[in-house]
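Here are a few notes to read alongside the model, taken one point at a time. Please keep the structure open while going through them.

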Amino acid sequence: MKKILLSMAAIATVSMASSSETVIKSGAGVLKFSGTHYLGFVSDSESDTNEFETRRNYLQVKAYFKENPKDYMRVTLDTYQNTSDDGKDEGSWEVRLKYAYLYLDNVLPFTGVEIGQAHRPWIDYEEHHGWNYRSISKVFVEAHEGAHFTNSADIGVNFKTKTENFTSELGVFNGEGYHGIEDGNGLSGEWRLTGHLLGTGKKHVHKSDTYADISFFGQYNTDYETKGNDFVWYGVHAVYNQPEFLISAQYVEATDGGVDIEGDGYSVNTEVRFAQKWNVIARYDNFTIDATDEEKERTLAGVAYTYNKNVEFIANYLKEEVDSETQTDAIMLTAEVKW
């Protein structure tokens, strides 16, 4: 993602068309601005709907401090549609806070920490190592039609360790997630432990890199407000990537959390790359609830075209079933934009 850097060693000025000047001031040494947008169209024959979508619009700023250029404050805003029945605002597009955390580097050997509304340990890792298409589907543990265990951010602390062959994230959070209701009665301990078999733990990996990772991850919520009791789940994940293809697989299980969420399942996905700009993608999810033996399945297949370094276009098919009864049978078109 290309970022725009504004050096604040001196006051930056931006000339306006009216010949007046707008002065930008900051106490930080450097500001980085960026944005991510998922724009799309869905045609679902099962529900007989055809609609354009703006699935996500993220606006982000990081303020890096002069004393240590690896320390920063991050704020990320996200848009969503208000679907609650609350009168005039129903259907409106509104803004909520996704991330607001302080990152301090090397508070422990090889370890930094996020403090505030921060990353939870698993989802961000998978979206950068195992599943590259958040614009068309959330990862397995977050997707409502998948395991639906958790989401990507919460208020707490997250210690992030990086070495060549091992990385980890160990966090304590309120537990309900960034758009859940926090009751203050319990906390959540969450973790990710990853072995980087090819020594890429310190890299920000790309599709052109070769890497092989094995991870153990999960969380232990005490007094989970959403379900009314403790919530315990864990998973294992493996991924292999080289410039020509990616293949990834995982298994997850919830052993405590209420009859409507305890269960186990798996997800596999692959990405085959050819002609430099074209990718063929496929994914299959399967999750079974223990108490009812209800089986949820998702099948996704598509093709992606890299228009330039900021824009990627995706066309895919998505089918979702519960106990072999079709819930979704859709064609999706997506423009993923990053700047």
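1. In this predicted model, E325 lies in strand 19, which covers residues 325–338. The relative accessible area of E325 is 55%, and because a residue is called exposed when that value is over 50%, E325 counts as exposed.

2. E325 also belongs to a group on the surface, where it gathers with D290, D293 and D323 in a patch of negative charge. Aspartate and glutamate are both counted as negative, so the four residues of this patch, D290, D293, D323 and E325, carry like charges in this account.

3. Turning to another strand, R192 is found in strand 11, made up of residues 188–196. Is R192 buried or exposed? Its relative accessibility is 5%, and since buried means under 20%, R192 counts as buried.

4. What does the side chain of R192 reach? The side chain of R192 comes to the backbone oxygen of P121 at 3.5 Å, and a polar contact of 2.9 Å also joins the side chain of R192 to that of T167.

Conventions: Residues numbered from 1 in each chain as written. Predicted model: local features only at pLDDT ≥ 70, side-chain atom pairs only at ≥ 80, totals over all residues. Heavy atoms only, no water. Patch = residues over 30% accessible without salt bridge, like charges linked within 9 Å, V, L, I, M, F, W, Y side chains within 5 Å. Areas by Shrake-Rupley, 256 points an atom, 1.4 Å probe, with all protein chains shown as cover. Salt bridge = Lys/Arg side-chain N within 4 Å of Asp/Glu carboxyl O. Charge placed at Lys NZ, Arg CZ, Asp CG, Glu CD. Helix = DSSP H or I, 4+ residues; strand = E, 2+ residues; numbered from the N terminus. Buried < 20%, exposed > 50% of the residue type's maximum accessible area, 1.4 Å probe, protein only. Polar contact = N/O pair within 3.5 Å; in protein donor to acceptor, adjacent residues only side chain to side chain.
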